[in-house]
Amino acid sequence: MSIRFSGHESFPCRYAWLPKAVAALAAKRELFADEEKAMEELGVGKNMVRSIRFWVEATGMAAISQSGGLAATETGLAILGPDGFDPYLEDIQTLWIIHWNLASNVRDPLFAWSFLFSRWQDPDFTESSVLKVFDREAQAQSKKLSPITLQQHFQVFLHTYVPTRGRKAEIAEDNLDCPLTELDLIVKIGERDAPSGSHRSESVFAFRRDEKPSISAPLFAYCLNDYWEKMLPNEKTVSVRSIATGMNSPGQIFKLSEEDTQERLIQLNDATSGSLQYSASTALNQVKRVHNIDRARLLRRIYN
């Protein structure tokens, strides 16, 4: 496992990038092999080409192929391809899938996403409190990273979910194109004094922990199945507690309460045609895998 603090070139992902990259990769697998040609094809500069490549891979819409190049994944083509379910990012469930893929990455996790969604325990956070922990964790992993690198990584994370507003409350142009801001998953809740010596205040943020009705039963089932395959591939049953609070679990990644998670599990039988079944008892509430699931079919049910 290689935890990543950089690679995004300090750009949050923008609206047009993923659909444009998947469409281009569907027609030309070696798109990113030549940066000059990729700049011409995508109509952006070199740093943005590198950022687009980073995001299309980090979101699971593309992956390294057997030939060593970058190719659109089956999921990427199914959702964002020319004949995909949502080629223009118009369905909020697509945004939840993108968020899920970013925050639950096991092979090459993005540090801010992995740590803040699955391991951060405080009810809120500020830039200074996060950077203090980032520095400690980087040192624990023997990574020599500058304060600027850590700050840029946090800022990219933050502006993936929180739009930057100007003096007249308009959304700044650079952040208008970050699709995951629509999820309203991170909200500003106030300000507090920054650490002593800085003579300034800083914004305080918190995760929105309400029911999130835009996460449909099929979408929740799709992500639960993905979590199961990544984290507990040899288990036939999984407890509700693990699904609600486990590392990289749907409850953690979507910031759902254990009660709301349990309510969603009641719908699993219908959402998976009986492949995953929820059972409740006085001893243990759990989900049982009855049949293997066709991921493509489960993905299709999200949009049908």
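A helix here is a DSSP run of H or I with at least four residues, a strand is a DSSP run of E with at least two, and both are numbered from the N terminus. The model shown in every view is predicted.

**View A. The largest pocket of the predicted model and the elements that line it.** The space in this pocket amounts to about 660 Å³. Its lining consists of 21 residues, and those nearest the centre of the pocket are Glu-57, Gly-60, Ala-62, Ala-63 and Arg-107. Helix 3 (46-58), strand 1 (62-64), helix 4 (74-80) and helix 10 (217-231) are the elements that each give two or more residues to this lining. When the lining residues are sorted by class, 8 are charged, 7 are polar and 6 are nonpolar.

**View B. The second largest pocket, with helix 8 and strand 4 in its lining.** The volume of the second largest pocket is about 250 Å³. A total of 14 residues line this pocket, and Gln-155, Leu-158, His-159, Ser-203 and Phe-205 are the closest to its centre. Two elements, helix 8 (147-161) and strand 4 (201-207), each contribute at least two lining residues. Helix 8 provides the largest share of the lining, namely 4 residues.

**View C. The largest cavity and its lining residues.** The model contains 1 cavity of 30 Å³ or more. The volume of the largest cavity is about 40 Å³. Its lining is formed by Cys-13, Ile-98, Leu-102, Thr-160, Cys-178, Pro-179 and Leu-180. Of these lining residues, 6 are nonpolar and 1 is polar, while no charged residue is present.

View D. The pairing between strand 5 and strand 7 (residues 286-289) is antiparallel and extends over 3 bridges. Within this region, Ser-239 is positioned opposite Gln-286, a residue of strand 7.

**View F. The salt bridge between Asp-184 and Arg-208.** Side chains of opposite charge can pair when their charged atoms come close. In the model, the count of salt bridges comes to 13. In the bridge shown, the closest N and O atoms of Asp-184 and Arg-208 are 4.0 Å apart. Asp-184 belongs to the loop between helix 9 (173-176) and strand 3 (186-193), and Arg-208 belongs to the loop between strand 4 and helix 10, so the pair ties together parts that are 24 residues apart in sequence.

Technical notes
Residues numbered from 1 in each chain as written. Predicted model: local features only at pLDDT ≥ 70, side-chain atom pairs only at ≥ 80, totals over all residues. Heavy atoms only, no water. 1 Å grid on protein atoms, 1.4 Å probe; cavity = no way out; pocket = protein on both sides within 12 Å on 5 of 7 lines; lining within 4 Å. Points joined across faces, edges and corners; volume = space filled by probe spheres on them. Nonpolar A, V, L, I, M, F, W, Y, C, P; charged D, E, K, R; others polar. Pairing = 2+ DSSP bridges. Salt bridge = Lys/Arg side-chain N within 4 Å of Asp/Glu carboxyl O.
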